[in-house]
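Welcome, and please open your viewer for a short walk through this model. Each stop says what to select and what you will find there.

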Amino acid sequence: MGAATSLSDVSIAELQKLLESGAINSRDLVELYASRIAEVNDELHAVIETDVPGALLVAETLDRERAHGQLRGPLHGIPLLVKDNYATSNMSSHLRTGAGSVCLAAGSHPAEDATVVAKLRAAGAIILGKTNQAEFSGARGRHVPQGWSARGGQTYGAYVKGQTACGSSSGSGVAAGLGLAAAALGTETAGSITCPASFGNVVGIKPTVGLTSRFGIVQITARQDTAGPLARSVGDAAVVLEGMAGRDVGMGRDNYTDAQPWDRPPRYTQALNTSALRGKRIGVLWHEQGIGFGMDWWANKRQIRRLFDAALDDLRRAGAELVDLLACLRSESRERAAEYSLEVLADIAEEEKPLLPAGGAEAWTAYMNRSKATGSFIRKPRRDQKLDGLVMYMDLAIALASAPGLPIVTVPMGGLGKDAQVVYSDDEDGALPRLVVGAPGMPQGLSFVGEEWSEMELIGFAYAYEQVSQRRGTLRPWVKLGSDLGDRIGEFGEL
């Protein structure tokens with residue numbers, strides 16, 4: 001008999017085995033997760049609020065259903081946390097919806113759940129509470145620090161004291177990494193799932209815009225916003241995405257989902273194959289400048305590159321054939337590098353044009369131009385080089401995939417080494433507190449990017465890489481949690 005697996009590491013599938021065996025029930029899980037939140041939240045501010053009484057009532061109902069053999073699916077009885085910009089109906093919980101704003105939350109009385117929340121509840125998930133976020137998903141003002149909201153305070157990462165959790169799904173990344181719930185939901189416009197996943201040592205799936213409904217979510221822009229999961233493993237993220245994905249065009253909810261090329265989305269858990277990378281051609285993109293999003297983590301570029309190169313070795317071990325796209329562009333005569341150059345990536349990184357009115361024709365033209373320019377770095381090499389997917393550091397993935405609405409799957413690739421500089425966020429704009437954006441032990445993420453609707457392939461690639469690399473387990477948070485599975489079930493054998 002081995003020691004009980006920790007909630008910091010246990011998978012959703014393993015939790016289901018415990019629930020099925022009767023070693024634990026869903027009510028126990030709600031109480032354990034609530035205790036863990038209370039143990040760290042004064043320090044990290046990852047969770048804005050919980051509805052423990054309501055979650056316990058739901059858990060008891062689901063436990064009774066399980067006892068009668070009535071299982072709704074792989075999320076039956078599994079507690080989740082959702083970002084504060086997801087609507088939760090007053091009829092289904094006492095949770096408010098504020099997108100980080102006290103003012104919005106005070107007057108928020110949603111008549112119904114956000115579509116993806118309703119889908120997850122129907123699949124048996126228990127909504128335990130709301131995670132902290134950058135207020136209005138970072139669209140409030142230029143002096144607001146990453147991960148701060150009036151409703152939740154300053155979110156901190158869990159691996160270095162004073163660490164940024166990135167934004168805007170900051171609390172979801174921290175909560176998923178520490179096992180404050182089985183998984184958490186985030187949203188992304190440009191980096192708000194991908195970056196918290198990277199700095200939180202978790203997996204984040206930023207779906208194609210239109211794969212998951214945004215109805216009932218406080219958005220920045222319908223053109224780029226998308227809803228997706230953050231979880232401790234690719235498998236867990238796939239389970240949650242499977243419960244979220246699908247069309248939602250009734251009553252004018254989210255007509256972007258009507259662009260899905262199928263009546264029902266794929267079963268993403270079927271992509272979890274350790275051989276998924278074998279024989280696949282994967283394009284590699286690396287940009288020497290880095291794209292800081294207002295944070296100078298690129299000061300540790302050498303250390304990041306070391307992790308990236310180790311990740312490439314892991315991809316090769318998993319059977320992938322790697323194609324260096326920038327080397328190819330420079331050396332392949334048909335690419336006409338001397339004539340056409342390669343400066344668009346640098347332009348994307350350095351662009352500081354003033355904001356345009358959102359509703360004007362000029363703004364639409366600028367958006368379309370940027371979408372075509374960035375999307376071409378994904379689509380054209382993939383087709384010309386007959387690639388199955390692309391891999392890159394997370395900041396470049398954000399820059400290239402955001403405007404065209406393309407999917408990203410980000411997976412832990414380890415932490416910065418002992419020689420990393422301790423770097424703080426730039427305080428020239430007056431944003432306080434200054435957050436640690438680089439330091440020894442800071443987690444970093446590897447991003448897989450593809451064309452629209454390629455989540456099935458990307459999840460398979462990410463899973464195969466994860467199983468070979470096993471990087472997440474090389475890092476441990478600095479905060480300590482006391483409440484765990486062993487408190488309820490003592491010791492049990494291998495799951």
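Start by selecting glycine 173, which is buried, with a relative accessible area of 1%. In this predicted model, glycine 173 belongs to helix H6. Which residues touch glycine 173 once its neighbours within four places in sequence are left aside? Show Pro196, Gly200, Val202 and Leu230, and you have the contacts of glycine 173.

**Next stop: the disulfide**

Select cysteine 166 and cysteine 195 and show their side chains. Their sulfur atoms are 1.9 Å apart, and the two residues form a disulfide. A disulfide is a covalent bond between the sulfur atoms of two cysteines. The count for this model comes to 1 disulfide. Which parts of the chain does the pair tie together? Cysteine 166 lies in the loop between strand S5 (153-154) and helix H6 (170-178), while cysteine 195 is in helix H7 (residues 194-200), so the link joins parts that are 29 residues apart in sequence. Look along the S-S bond and you will find an angle of 95° about it, which makes the link right-handed. Are these two cysteines buried or exposed? Cysteine 166 is buried, and cysteine 195 is buried too. For a contrast, click on cysteine 103: this residue is exposed, with a relative accessible area of 67%.

**Stay in the loop for a cis peptide**

Select glycine 167 and serine 168. A cis peptide bond joins them, with omega at about 0°. Serine 168 is in the loop between S5 and H6, and that loop also holds cysteine 166 from the last stop.

**On to helix H1**

Colour residues 12-21, which make up helix H1. Which residues of this helix are buried? They are Ile12, Leu15, Gln16, Leu18 and Leu19. Turn the view to look down the axis of H1: the buried residues fall within an arc of 160°, so they line one face of the helix. An α-helix has 3.6 residues a turn, so residues three or four places apart point the same way. The face turned away from the buried side carries the exposed residues Glu20 and Ser21.

What do the buried residues of H1 pack against? Show helix H2 (26-44), helix H3 (52-67), helix H8 (234-244) and helix H16 (486-489) to see these partners.

Phenylalanine 136 comes from the loop between strand S3 (126-131) and strand S4 (148-149), and valine 218 from the loop between strand S7 (203-206) and strand S8 (226-231). Phenylalanine 136 counts as partly exposed, at 31% relative accessibility; valine 218 is partly exposed, with a relative accessible area of 31%. Phenylalanine 136 has another feature to check: its phi is near 50°, a positive value in a residue other than glycine.

**Last stop: lysine 386**

Finish at lysine 386, in the loop between helix H13 (361-384) and strand S11 (389-393). Its phi is near 55°, a positive value in a residue other than glycine. Is lysine 386 buried or exposed? Lysine 386 counts as exposed, at 63% relative accessibility.

Conventions:
Residues numbered from 1 in each chain as written. Predicted model: local features only at pLDDT ≥ 70, side-chain atom pairs only at ≥ 80, totals over all residues. Heavy atoms only, no water. Helix = DSSP H or I, 4+ residues; strand = E, 2+ residues; numbered from the N terminus. Buried < 20%, exposed > 50% of the residue type's maximum accessible area, 1.4 Å probe, protein only. Disulfide = S-S within 2.5 Å. Arc of directions from axis to C-beta. Contact = heavy atoms within 4.5 Å.
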